[in-house]
Amino acid sequence: QVTSFAQALLSLGVSCKQTAVRIAAMPLRLAIVAVAVQLLSIIPSEAAIAFLDGQRWTLSSNFSTHELSDGHKCNDPFMVTLSEKASTKCPKACPYYVQNARAIETCSFLCVKAEDCEKWNPYTGIADDNLGICKAASISHCREFEHGEDRCKTCQGGFHLTSEGKCFLNWSISVPVVGILVLLVSLILAWLIDMARRPITNERGLQQGLTFRLLSKLHQPKEAGHARHIWPLTTNLCKQLVAGPGLCLHFNFQAVIIIWAFCVAIGWCFMGATIDSDLFVLGTKKFGTPRVNCQLVAWGYSTQQRLMWTKVYFTYWVYLLSFVGCLLHSIRQLRNFQTEEMETKTMGDFSAFIEGLPEQKGTIFAEENVKAAIEKATDQRVVGVSIAWDYQKDAELVEDTLARQVREKEPIITSPRSIERAEEEPKERSQFREKLEAFELSLFHDDISAKEGTDPTAEITEALKNMTSSSNAVVVFETEHMRDTAVELSSKQGGIPFEGAQLTLENLECEADTIYWRNFGNTTFWLQVWRIVKGMGYIFLALTMWTMVFYLPYAYSVYTFNYDNGQQPGIVYSLAFTIVVVIGNAIMYEVCSRIADSVQFKFKDPRESLYMILYTIACTLNILLDFALTFVITYKVAKGLDFRTFHGVPIEHVGQEGRFEVYAMQRLLGQNAFMYAFPSTYLVPFLIEPFATIYLPYKLGQIIVRCHPEIQGQEAEDYLACIPMDMGRYADIILNIILGVVILFFPGGYNHTLFFALAFSHIWIYLFDHVKVLRGIKACDFASMEVDWWSQVMLIPCCGTLLACLVFKANTGEYGYYLQGNWLFVACCAAFFGHFAVHLALLTYVVPLFGQKHEEFSDLANMTYADLNQQEPDSWFSTNPIHCLRSQFIYKHEPPCGFYFLGKEYLLQVNENIGCFYEPETSQTPPNSDDNMDLEQMKAHFTRFSARFTTLRAS
């Protein structure tokens with residue numbers, strides 16, 4: 001049998017792997033391996049390696065090396081095992097460790113003299129006195145080294161060779177580019193500093209802009225006889241409705257994720273503390289010299305196999321509890337939303353959405369006709385009808401007309417805010433200064449003086465008459481009971497007859513300020529689908545651009561780094577990687593936002609849902625691309641460092657599907673996953689966000705307005721306005737969860753660190769969002785739970801990935817199965833998609849069964865639309881721009897229905913005959929009082945804390 005095996009090896013060469021595998025079933029295994037080793041000098045090395053790879057045998061130590069004894073002898077090969085102490089040194093006569101390149105066994109070393117380094121390993125011919133090893137040249141970006149010296153002979157492209165034999169970036173191209181960029185940035189900074197140091201010459205515009213900024217923030221509900229104040233910072237956003245139930249659900253979602261992350265981290269810490277402390281360091285030890293790497297791989301592999309059961313059981317419980325927790329979270333969110341709906345009255349409770357409206361001409365009183373038809377058919381009192389008109393082509397004219405009306409009505413707002421003003425006498429301006437200020441006005445100021453002299457009445461009236469309606473409208477009833485009766489009647493009768501068509505009535509799941517009136521009439525379902533498909537193409541192009549411009553240069557620099565002798569990229573590479581990740585996420589943020597806008601949804605919540613889904617998909621593609629390229633780079637690094645499997649198979653001879661399971665690869669991939677997550681994704685973007693989105697725009701707006709007297713009114717307000725709120729934070733959170741789940745595929749040393757980092761990072765995110773909502777955004781309303789429901793759907797892949805990880809980690813043969821090659825990948829995918837189907841079915845059909853029965857509170861049963869509109873200025877009439885303009889130019893109402901501008905509700909007028917009941921208070925929010933409110937609250941909390949501390953100390 002041995003003779004036949006030897007003949008097979010000699011005849012088949014590299015292709016003998018299958019033959020070797022078949023022979024492995026024979027009883028003379030060790031003899032066969034011995035023959036294979038003895039024939040190593042005759043047959044191709046790949047054949048023997050392939051044979052060993054197939055069998056995963058540990059070579060007997062008596063073939064060419066011996067196990068480590070108490071000391072080393074010169075030129076006597078030995079094997080590095082777990083029993084060797086890292087501090088053991090070679091004898092003084094031969095003080096250098098060298099890896100034995102002649103031996104087939106993994107981790108065979110000798111102690112040699114300096115002149116013998118190249119003899120035993122041509123690749124490591126340099127004796128290093130500091131490390132006590134024979135090492136390879138350690139010059140990065142070198143194409144060819146000087147023989148036997150730690151010097152480069154020829155550098156890679158883009159690098160130049162120095163007299164010391166090192167390679168540095170060729171600055172002949174980079175210096176001019178960097179110089180130009182530095183010059184531009186310096187000029188811009190000098191320009192901004194100059195504007196900031198100028199005297200205040202536009203105090204009125206600055207006061208008006210700052211006052212508008214304050215008035216447009218979220219305010220507490222209106223109370224008769226009292227000014228509206230902003231919400232205090234102590235407001236509990238998990239319970240208090242400051243911007244609709246959707247925002248309340250969002251903060252509950254954030255709180256749940258923080259608790260989940262802490263539970264996972266504490267669970268792993270408990271296992272590490274009670275089972276084995278190696279769980280805290282597995283996969284985190286740094287690579288070093290070849291000898292250290294051998295010890296590391298041996299320790300890592302044996303420890304990982306010894307403790308694999310802990311990872312399997314931990315992943316099992318994390319998956320099970322996360323799955324059940326997601327379902328309980330969904331039920332809780334549903335019940336919270338239903339409770340808020342029952343405890344509050346909103347504009348949506350009095351309105352119904354009309355579909356099937358025949359095309360109406362702008363010349364007729366369409367609203368009155370539809371109102372009369374509905375009242376006649378349902379016998380219910382209707383406050384009014386707001387038709388969605390198709391005005392896409394006249395949008396600019398409509399916006400200009402409404403803006404002009406505001407300028408004509410609006411008084412000059414004064415504020416007691418004290419603004420320091422320079423008392424210096426104005427100096428004569430130089431010619432350069434005049435040209436500079438003229439250039440600034442061309443950038444910052446839109447001269448509308450030419451438009452002010454014309455009367456747009458005829459033009460806008462003609463445009464309104466030529467408009468046609470869409471097939472949709474909103475009908476507002478006097479009470480909620482009347483709305484419900486009309487909707488039920490419409491459902492039973494199959495619609496309400498109107499001009500030969502049937503109008504269907506449906507309950508609205510949105511509010512007046514969340515409807516996009518401009519998008520009606522110029523879009524269809526299939527057109528929206530096409531825009532989404534086209535948007536996916538834009539995401540692919542953005543991803544390609546990010547890869548080519550930002551990621552590939554970084555990947556190339558990492559790929560060409562010299563990892564010999566345990567060298568690792570420094571902090572510059574870590575910072576560069578963080579910047580690359582932040583830029584990628586920022587690009588996807590902007591692209592997905594524009595795509596969601598381009599789809600032209602009719603309501604706000606579907607737009608936010610699509611944006612969240614697209615952003616999550618785009619950033620996930622970023623992650624997958626990074627992991628794919630990282631896998632290639634990691635393989636190159638492991639191959640360059642001559643990493644082998646625990647059983648001695650070189651990494652390049654392991655199949656593509658098996659490389660992911662090699663400990664050296666697992667350790668490098670785990671480190672990269674941790675770096676991608678923290679701080680690059682978890683923390684850095686959210687530390688930058690307060691400055692980039694709130695503080696810098698605010699200060700730039702102040703700088704621009706304060707020294708340009710031409711900027712007044714709405715223009716000054718736009719520069720100093722708060723940022724709008726969106727639900728993109730859902731996508732940020734889900735992306736962070738995905739990165740946390742992915743780390744479980746790798747050795748567990750990073751588990752507790754990453755999940756604690758996730759929890760504490762999200763505490764910062766929660767606090768920042770809390771302050772941002774109460775102090776830094778425009779007033780908004782998220783009326784439905786649609787966005788939150790889709791966020792629950794996006795949690796399904798996270799749980800599915802946990803199950804796939806469980807299948808992957810349990811593939812040891814101890815749990816009833818052992819899959820190899822592509823079958824393991826197939827099993828993981830089957831687990832993922834199987835969970836997705838089951839979870840989605842439960843979320844869709846089972847979770848709603850646990851909802852609450854609708855019960856209306858007695859104190860709200862008698863509330864009418866007029867009662868609510870007296871408190872809320874944004875109605876179905878005042879938010880519809882065409883309805884307001886038709887009220888003035890077609891119906892000639894006195895006073896007409898005023899258009900609701902955020903922060904300018906004091907311009908609205910009461911006309912009960914047309915459904916306008918809001919009467920603004922004469923007193924506005926005192927800016928100084930609200931500015932000082934936060935400080936006063938902090939002082940009050942500090943005083944209470946001091947009193948308690950004094951009491952405890954005294955007791």
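Reader: How far apart are the sulfur atoms of Cys90 and Cys111, which form a disulfide?

Author: A disulfide is a pair of cysteine sulfur atoms within 2.5 Å. In this case the sulfur atoms of Cys90 and Cys111 are 2.0 Å apart. The model is predicted, so local features need pLDDT of at least 70 and side-chain atom pairs count only at pLDDT 80 or more, while totals for chains, interfaces and linings use all residues. Residues are numbered from 1 along each chain as its sequence is written, and side-chain values use heavy atoms, with hydrogens and water left out.

Reader: Which parts does the pair of Cys90 and Cys111 tie together?

Author: Helices (H or I, at least four residues) and strands (E, at least two) are DSSP runs, numbered from the N terminus. Cys90 lies in the loop between strand S2 (78–79) and strand S3 (96–99), and Cys111 in strand S4 (residues 108–112), so the pair ties together parts that are 21 residues apart in sequence. The link is left-handed, with -75 degrees about the S-S bond.

Reader: Are Cys90 and Cys111 buried or exposed?

Author: Buried means under 20% relative accessible area, exposed over 50%, and partly exposed in between (1.4 Å probe, protein chains only). Cys90 is buried at 11%, and Cys111 is buried at 0%.

Reader: Where do Cys117 and Cys134 lie?

Author: Cys117 and Cys134 form a disulfide with their sulfur atoms 1.9 Å apart. Cys117 is in helix H5 (residues 117–120) and Cys134 in strand S6 (residues 133–135), so this pair ties together parts that are 17 residues apart in sequence. The link of Cys117 and Cys134 is left-handed, at -60 degrees about the S-S bond. Cys117 counts as buried at 0% relative accessibility, as does Cys134 at 3%.

Reader: How many disulfides does the rule count, and what pattern do they follow?

Author: The count comes to six. With bonded cysteines counted along the chain, the pattern is 1-3, 2-5, 4-12, 6-7, 8-9, 10-11.

Reader: Which cysteine sulfur is nearest to that of Cys805, a residue in no disulfide?

Author: The nearest cysteine sulfur is that of Cys828, 8.4 Å away. Cys805 is buried, with a relative accessible area of 0%. Cys897 is also in no disulfide; the nearest cysteine sulfur to Cys897 belongs to Cys916, 3.5 Å away. Cys897 counts as buried at 4% relative accessibility.
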